Amino acid sequence: MTQPPADAATMEKIVALCKRRGFIFASSEIYGGLGSTYDYGHYGVLLKTNVKSEWWRAMLQERDDIVALDSAILQHPRVWEASGHLAGFTDPMVDCRACKKRFRADHLDREEMCPAKASLPKTDDRRHELTEARDFNLMFKTFVGPMEESASVAYLRPETAQGIFINFKNVLQFSRKKPPFGIAQVGKSFRNEITPGNFVFRTREFEQMEMEFFVPPDEAPQWYDHWKQQRLHWYVDLGLREDHLRMREHDLDELSHYSSATADVEYLFPIGWSELEGVANRGNFDLTQHAEYSGEKLEYFDPQSKERYVPHVIEPAAGADRATLAFLVDAYDEDDLGGEQRTVLKLHPRLAPVKVAVLPLVKKDGQPEVAREIVKALRARMQTEYDEGGSIGKRYRRQDEIGTPFCVTVDHQTLQDRTVTLRDRDTLEQERLAIDGLVEVLVERLAREWRSPKVAAEA
Ligand code: ATP
């Protein structure tokens, strides 16, 4: 197996594969596209759904101290005053007078050289002619109701977290939880990013997977460490190469106004090391702010110690699209099959959009009928696909490119002895198995893979 090179060409290949196989398309393409917005096709939906399901599994199924929430995208405008987003949710931007491009002031070191001054080396300080930094608010503004007036201004949420804080009291009252406990949410967020780009890495509309973990103040440091470790493991468990992952603790001058400590899970994308997820110790900033702006008491009364306190919050905040991109990048591989190049997505079986494809060798002699009978049995247990079009080699290549771990092939012998071949995506081994019991074999093989090492260790 060859390791994919971490460069721009890899990204281009992945973008091409995503389009060719129907994972992700540029949005509004028939109208010329709308910059940096994307639509997910069939396999993209299945893959991203699996990423989100795995996140839910880690948050809900494998623990008993977190509950789920799905809050509205439109919230009271005061929410964004209290959170600080209206005043401070800005990125300082600079423009280059020579090439007319706009950059985030804090990302300049990562940007390309000024094309108008291409002769300067990349390390040269004069590579752009930059303006002073200016602030841009990143929130999308809209109006609720028929009148476009100041009284009806609303914003599309720029993060899912605030919907959690404003429901703290509801959840505390109705979920029978007490600190330490968490509230988890997955949903769309919107930011009018000035420099979106790099495929789905940074877009203006994206999905987040955020969890706010409320703890007694003196336990915050230990829970911060706990969540940093858990979140890094989650990516490793789902197959990301460990040497392409790292945890980077923020320097003091990088910290947000509310945070006493933040670390980023970073992944070595083709564009270089970049944030995949942030884990922050937010102290009691959010609950205190919402208590002040709403007039509601947002605190916990401990009946045992008779103590009343505002919990501190540890927040792991991940992006579903950015995580999906990382899994795609990491899984992408090209190998050589006796002189023939194949492209394969070596996705973890838990993430693979389709778990098994059933392929009749020929479209006649009763083979399609038997294949469909197998599909029917498998479908009840896992995402299954039937494909009878084109040569068998082409169909295998197609399944390799969408990351299907297993292919079941029905051939002439099947009609005689009710056996099929089972092909493994990664080893390319083919074995002959009886149709009776095939479902159980596949369920068992996938279950072996499906057990996260964490759960397996605890079992
Ligand atoms: P960045 O520094 O990359 O702008 P951030 O620190 O502003 O990210 P957070 O507010 O911590 O990001 O959001 C949590 C996660 O949401 C990020 O780690 C990322 O995975 C995802 N995310 C944030 N902004 C975007 C975006 N514009 N497009 C896609 N995903 C995003």
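Predicted model: local features only at pLDDT ≥ 70, side-chain atom pairs only at ≥ 80, totals over all residues.
**Aromatic pairs**

A pair of aromatic rings is described by the distance of the centres and the angle of the planes. The count for this structure comes to 15 aromatic pairs. Two of these pairs are set out below.

| Ring pair | Centre distance | Plane angle | Class |
|---|---|---|---|
| Tyr 38 and Phe 199 | 5.1 Å | 85° | edge-to-face |
| Phe 201 and Phe 269 | 5.1 Å | 80° | edge-to-face |

The class of the Tyr 38 and Phe 199 pair follows from the plane angle: the planes stand at 85°, and angles over 60 degrees count as edge-to-face. Tyr 38 belongs to strand β2 (residues 38–40), while Phe 199 sits in the loop between β9 (181–190) and β10 (205–215), so this pair ties together parts that are 161 residues apart in sequence. Tyr 38 is partly exposed, at 27% relative accessibility, whereas Phe 199 is buried, with a relative accessible area of 7%.

The planes of Phe 201 and Phe 269 stand at 80°, so this pair is likewise edge-to-face. It also links distant parts of the chain: Phe 201 is in the loop between β9 and β10, and Phe 269 is in strand β12 (residues 261–269), 68 residues apart. Phe 201 counts as buried at 7% relative accessibility. Phe 269 is buried as well, with a relative accessible area of 1%.

Elsewhere, ring pairs join Phe 165, Phe 168, Phe 181 and Phe 214 into a cluster.

**Packing of α2 and α9**

Two packed helices are described by the angle between their axes and the distance between the axes. Helix α2 (residues 42–61) packs with helix α9 (residues 320–331) at an angle of about 110°, and their axes are 10 Å apart. This makes α2 roughly perpendicular to α9, because angles of 65 to 115 degrees fall in that class.

On the α2 side, the contact is formed by Leu 47, Lys 48, Val 51 and Lys 52. These residues meet Ala 320, Asp 321, Ala 323, Thr 324, Phe 327 and Leu 328 in α9. By class, the contact of α2 with α9 has 6 nonpolar, 1 polar and 3 charged residues.

Key. Residues numbered from 1 in each chain as written. Heavy atoms only, no water. Phe/Tyr/Trp six-rings, centres within 6.5 Å; stacked < 30°, edge-to-face > 60°. Helix = DSSP H or I, 4+ residues; strand = E, 2+ residues; numbered from the N terminus. Buried < 20%, exposed > 50% of the residue type's maximum accessible area, 1.4 Å probe, protein only. Axes fitted to C-alpha atoms, helices over the stretch in contact; angles between N-to-C directions. Parallel < 35°, antiparallel > 145°, perpendicular 65-115°, else oblique. Contact = heavy atoms within 4.5 Å. Nonpolar A, V, L, I, M, F, W, Y, C, P; charged D, E, K, R; others polar.
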